[in-house]
Amino acid sequence: LQYRQALTYMDTRHPFSDAFGPAKTRAECVESAQNTYLRLLKHTPEKSILPFETLSLIAVDNVGGLEQKKTKSLVKIFRPDGKGELKLLDFVKACDSVYKELRLFRAGTANSSQIDLAFESIVNVLFFFLLGMLVLTIMELDPLALFLSLSGLLLSFAFMFGSAAAKYFEGILLIFVRRPYDIGDRIALSDVNKDTSPGGSATWFVEGVNLFTTTVRYAASNEVATLANGSLATSRIINGARSPKAVVYVYIKFSVDVSYNRIKIFKSAVEGFVKARPSEWVGMTAFRPTTIEIDRAYVEYMIALQHRNRWQDIGPILQSKADIASFSLELSKKLDMRYIAPALPVNMSLNEKTQRAFLNIEPEQTATDRPVEQPSDPTLSPAALDRLSAIFKPEKKK
């Protein structure tokens, strides 16, 4: 009864309490969140940005202290900046994310009820079949004789629908045992024998699930498709809603003439840019060279970063990734580290016959027979080698 009462409360116009305001639709939720932010801001009229201390009053217990569990939940939802402040846009986005989770949970509950009804119908068929066999046995009739009389017909149907029945059973196991997705989840489908792209995969939103099919919507073009559950049973299903703290990669090229000291300055600047945005990034997990091309005169570095959002919310992740890439590009320009590809060489070589006619030389005096001066081997003094090794000396931990 309490569970049903909670579901009924979600369908009201004020699911977040009367003090928050109406939130029957997403537009009403955004408007109520703005009004709530302005009302909370009146507690600190000397500030233009809401301090997180005002919100933390929700977590005060009877003694007057802060409950650690509630405080962590508030920080996880609203994500204040490093100064402990919460902007209007961040507050509205946090309320909107909670509203979406609420509606997705309600839709998932309704869809689960439909699946339960379909499964109940299958159980009813099996129950009445066994009940019929029991009635035949009570009436002293042999059920086996009835099946033997119909064996030829049943065998032909077995050949016709055997593979379809196997796929149907695999689909039922997928929905009831594996449960790889729920309503509203962002999923990506691929072959289990092929590797996935580290930059992410093409995704679909799950709109409906039953015992036979799954209805999905393509995230890029908003197209709707229906997939058989049996065909999905043998696929790799990547669930963005169950993939927390997305890891993204940014690649940037530097010229081989760039010193290692400038690269360390570049790394420190990127780390500072990431730390200044705690609501977006957990941190920078790696910064290392992945490709060294001496002939093309560049070194490619990889910047690995961990985002706070799940792959379900791919929009903010891609925006944060674009900000990092743009900042890295502008920083490389300021530090004079930007790589400029050299001009491609033009092949002006001639064949042997044309070369002799053009240079007017004898066959034994072709350019290929002329001696080529060998460049002298460069030398490096021991002192210069020591200075170079000192650059790459690992820093001592403080």
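## Strand pairing and the three-stranded sheet

Two strands count as paired if DSSP finds at least two bridges between them. The model described here is predicted. In this model, three strands form an open sheet in the order β8-β10-β9, and their pairing is antiparallel. The edges of this sheet are β8 (247–255) and β9 (281–293), each of which pairs on one side only. From one strand to the next, the twist averages 20 degrees.

Strand β10 (residues 298–307) is joined to β9 by 10 bridges, and the two run antiparallel. Within this part of the sheet, Tyr301 in β10 stands opposite Pro289.

Strands β3 (186–190) and β4 (204–209) run antiparallel and are joined by two bridges. Here Arg186 stands opposite Phe205 in β4.

Strand β4 is also joined to β5 (residues 213–218), by five bridges, and this pair runs antiparallel. The bridge partner of Trp204 in β5 is Tyr218. Together β4 and β5 form a hairpin, with three residues between them.

## Thr203

Thr203 is located in the loop between β3 and β4. Its relative accessibility is 13%, so Thr203 counts as buried; the cut-off for buried is under 20%.

The side chain of Thr203 makes a polar contact of 2.9 Å with the side chain of Arg186. Not counting residues up to four places away in sequence, Thr203 touches Arg186, Ile187, Ala188, Tyr218 and Ala219.

## Asn239

Asn239 belongs to strand β7 (residues 236–239). This residue counts as buried because its relative accessibility is 6%.

The side chains of Asn239 and Asp185 are joined by a polar contact of 3.1 Å. With neighbours within four places in sequence left aside, Asn239 is in contact with Pro180, Tyr181, Asp185, Arg186 and Ile187. Arg186 and Ile187 are also among the residues that Thr203 touches.

Key
Residues numbered from 1 in each chain as written. Predicted model: local features only at pLDDT ≥ 70, side-chain atom pairs only at ≥ 80, totals over all residues. Heavy atoms only, no water. Helix = DSSP H or I, 4+ residues; strand = E, 2+ residues; numbered from the N terminus. Buried < 20%, exposed > 50% of the residue type's maximum accessible area, 1.4 Å probe, protein only. Polar contact = N/O pair within 3.5 Å; in protein donor to acceptor, adjacent residues only side chain to side chain. Contact = heavy atoms within 4.5 Å. Axes fitted to C-alpha atoms, helices over the stretch in contact; angles between N-to-C directions.
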